[in-house]
Amino acid sequence: MRFKGVLTQRGLNELGRGFLPTLQRFGKTVVLVLGPEEVHLVSEGGMASDADSTDGPFVCVRLGAPLVFDAAPLCQSKHNLNLIAFEFDLKLFERVMHGAASNEAEGLEMKLSMRRVPNGEETQARPFLSFQQGGSISITSELPISKPFPQAEVDHLIALIRSDDVCPFYVDLMPAVANLNESLKRLKKLSQTCLVTLVKNGDAHFQAFRMQSGCTVGVEYRGLEVHPDGERVADDRNVEAQQQPTGRLAAAKDLGMCSELIVRAKHLTSAFGVCQYTRPAKLLCGANGDFLHFLYVYLDRAGGAVTDKESMAIKIPCVQDSSAGF
């Protein structure tokens, strides 16, 4: 098992200023999946912190190798696609990235290595991710990592990563993110859970139920972009004829135009909050029976078009909450 590559300056910036702070909102550790063509950073269920909480979100950052490394990295393993996966501490990794940036490193070589470390009265070989900073001063850093995952675990992780198109349709919430953050602050005061309803005509509803008063409070956003284009439903007269959001929502449900899910409000807040770090061009949101799926779409800095070299996805699990009241 071998890996060696030199991180680009852009790769350092993307990680240190955007994606690492994002991942730290969801957990203390991250799984790095290295491959000849792509790099993935994955956080699984890091938000679950109390006994009555469901598992936390599944977060995946995907970066194309040309974006991260200045040349094709050497990546060899027994996996049929030459993939290598292991886990490490996010804080330690961020410290290495910030150290390279502050030292104005001309290059940051990254490679897998083994080193013998004390273990009681003996020593044992442990895997490390080693970093060599170039420039006027050469600095070496070593990041302790877990034992590389066996092929079956790598394949399971890749299956989770690649299940992107899993919802009937997606609504672009990016135009509403700023207002949504403020709305969620108010809804969280009413309930720990939130009912998210997406409509094929481009509407999105967020509702919280207050047990003490038995009332439901919500917010509606209209005229949002729907993906794929073929899934959009033109505004139905029965929906548009309604003067109130509750009436439009009821009419849309009667027509089978909706996808909805109950999720934890704090998970929604985290999903919307990361936009300030990575600044996506689109924030696509879809719902199926198991989770709310967010796809963060970015633009290529050179041409301004949507890039396939970087993306992020967050899956927020549904909550079976008998007190939700919806």
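**The second largest pocket and beyond**

A: The lining of the second largest pocket takes at least three residues from domain 1 (2–162) and at least three from domain 2 (170–317), with bounds from an automatic or database domain assignment. The model is predicted, so local features need pLDDT of at least 70 and side-chain atom pairs pLDDT 80 or more, while totals for chains, interfaces and linings use all residues. Residues are numbered from 1 along each chain as its sequence is written, and side-chain values use heavy atoms, without hydrogens and water.

The second largest pocket has a volume of about 240 Å³, the space filled by probe spheres set on grid points joined across faces, edges and corners. Its lining consists of 14 residues; a pocket is an open set of points on a 1 Å grid over the protein atoms alone where a 1.4 Å probe fits, with protein on both sides within 12 Å along at least five of seven lines, and lining residues have an atom within 4 Å of a point. Nearest the centre of this pocket lie Glu14, Tyr277, Thr278, Arg279 and Arg301. By class, 6 lining residues are nonpolar, 3 polar and 5 charged (Asp, Glu, Lys and Arg are charged; Ala, Val, Leu, Ile, Met, Phe, Trp, Tyr, Cys and Pro nonpolar; the others, Gly among them, polar).

Helix 1 (9–24) contributes most to this lining, with 5 residues. At least two residues each come from helix 1, helix 9 (275–278) and strand 17 (291–299); helices (H or I, at least four residues) and strands (E, at least two) are DSSP runs numbered from the N terminus.

Cys275 counts as buried because its relative accessibility is 6%, where buried means under 20% relative accessible area, exposed over 50% and partly exposed in between (1.4 Å probe, protein chains only). Cys285 is also buried, since its relative accessible area is 0%. Its sulfur lies 7.8 Å from the closest cysteine sulfur, in Cys167, and is therefore too far for a bond. The count is 0 disulfides, a disulfide being a pair of cysteine sulfur atoms within 2.5 Å.

Strand 12 runs antiparallel to strand 11 (residues 193–199), joined by 4 bridges, where pairing requires at least two DSSP bridges. Leu198 has Ala204 in strand 12 as its bridge partner. These two strands form a hairpin with 4 residues between them, and Gly202 in the turn has a positive phi of about 100°. Strand 12 also pairs with strand 13 (residues 215–221), in the antiparallel sense over 7 bridges; there, His205 has Glu220 in strand 13 as its bridge partner.
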